[in-house]
Amino acid sequence: MSIPITLESVVFVYPDGTRALDGVDLRIGSGEQVAIVGQNGSGKSTLVRQLNGLLRPTEGRVLIDGTDAAALHVAQLAAKVGLAFQNPDRQIFAGRVRAEVAFGPRNLGRADADVERAVDEALEAVGLSRTGEANPYDLGYSRRKLLAIASILAMRTPVVILDEPTTGQDARGVARVRAIIERLSEEGRTVVTISHDMRFVAETARRIVVMRAGRIALDGTPAEVFAEPNWPALASTYLEPTLPARVGARLGLVGTPTEAALVEAIGASRPVG
Ligand SMILES: Nc1ncnc2c1ncn2[C@@H]1O[C@H](COP(=O)(O)OP(=O)(O)OP(=O)(O)O)[C@@H](O)[C@H]1O
Ligand SMILES: [Mg+2]
């Protein structure tokens, strides 16, 4: 239940002439778990919209499971790639939470019983099980965001893309999003998460792709991307390495520690009593 994605020299120009993607080459392997980061306007959302046919490349190619996406209809792509929008209000249109989540799997032609089960599971995963009959617009922004994620989960696509899933979430919401990503990954699905939250990314992602001005500036594991030689490149796209990465470098720790590992390292180097 997992497929690779490839972008080959993808250029995307909006109708007003904005060159949002300026030659992107990226391969995301089957079952990989990748975060895309970069300053506002660097092209992150434009990039992921190429993957489900919402936008089509101006130049270059997108391959989904080896097939040129240009040869696939939006409906065919929807069965393979689920994208939870950055702005949930552009995604949500139903008057009831359950109906919203049921729309995707029903549209994919799934049987009623499967749709119901998928809706239950998706609402459970985002913590909205008891809100099924609510009007989405009576929920706050952070819960509409979770609803938009649930709608994508219910489609059970081999590729799941979450555009800024942690925006507006409190610690519990962030923990939920992390658990969702980890579970999808364990199931072997290909997961792409866009985020501004460097701590979240450093502690969740296995691979980080850094975008700057429509191009890929850095690509590697969190330890590689947040390593000291890359700090100027990160700064050029207004990203800061995490505090543990900076303190870890000062302490001469190898790699990029998580917050917990850093606390442990400092604790171990300090005489007790
Ligand atoms: N519909 C549109 N029409 C014209 N230009 C657009 C449109 N959507 C985005 N852009 C422009 O394309 C560039 C890339 O935007 P995009 O939304 O992909 O960036 P992003 O990295 O997702 O930013 P953010 O972090 O703010 O979400 C920006 O210059 C943006 O202003
Ligand atoms: Mg965006």
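In helix H3 (residues 97-107), the buried residues are Val97, Arg98, Glu100, Val101, Ala102, Gly104 and Pro105, where buried is said of a residue with 20 or more other C-beta atoms within 10 Å of its own, the C-beta atoms being placed from the backbone. Helices here are DSSP runs of H or I with at least four residues, strands are runs of E with at least two, and both are numbered from the N terminus. The cover over the buried residues of H3 includes H4 and helix H5 (141-153). Just after H3, Gly109 has a positive phi of about 85°.

This is a predicted model, in which local features need pLDDT of at least 70, side-chain atom pairs count only at pLDDT 80 or more, and totals for chains, interfaces and linings use all residues. Residues are numbered from 1 along each chain as its sequence is written, while chains are lettered from A and ligands numbered from 1 in the order in which they are written.

Two packed helices are described by the angle between their axes and the distance between the axes. The axes are lines fitted to C-alpha atoms, for helices over the stretch in contact, with angles running from 0 to 180 degrees between N-to-C directions.

| Helix pair | Axes come within | Crossing angle |
|---|---|---|
| H3 and H4 | 9 Å | roughly 130° |
| H4 and H5 | 8 Å | roughly 145° |

The axes of H3 and H4 (residues 112-126) cross at roughly 130°, which makes H3 oblique to H4; angles under 35 degrees count as roughly parallel, over 145 as roughly antiparallel, 65 to 115 as roughly perpendicular, and the rest as oblique. From H3, Arg98, Val101, Ala102, Pro105 and Arg106 meet Asp114, Val115, Ala118, Val119, Ala122 and Leu123 of H4, contact being defined by C-beta atoms, placed from the backbone, that lie within 7 Å. The residues of this contact of H3 with H4 comprise eight nonpolar, no polar and three charged.

On the H5 side, Ala122, Leu123, Ala125 and Val126 of H4 meet Leu146, Ile149, Ala150 and Leu153 of H5. The residues of the contact of H4 with H5 divide into eight nonpolar, no polar and no charged; Ala, Val, Leu, Ile, Met, Phe, Trp, Tyr, Cys and Pro count as nonpolar, Asp, Glu, Lys and Arg as charged, and the others, Gly among them, as polar.

Turning to the strands, four of them form an open antiparallel sheet in the order S2-S1-S4-S5, pairing being assigned where DSSP finds at least two bridges between two strands. Strand S2 (19-28) and strand S5 (67-68) are the edge strands, each pairing on one side only.

Methods:
Two residues are in contact if their C-beta atoms, placed from the backbone, lie within 7 Å. A residue is buried if 20 or more other C-beta atoms lie within 10 Å of its own, exposed if 12 or fewer, and partly exposed in between; C-beta atoms are placed from the backbone.
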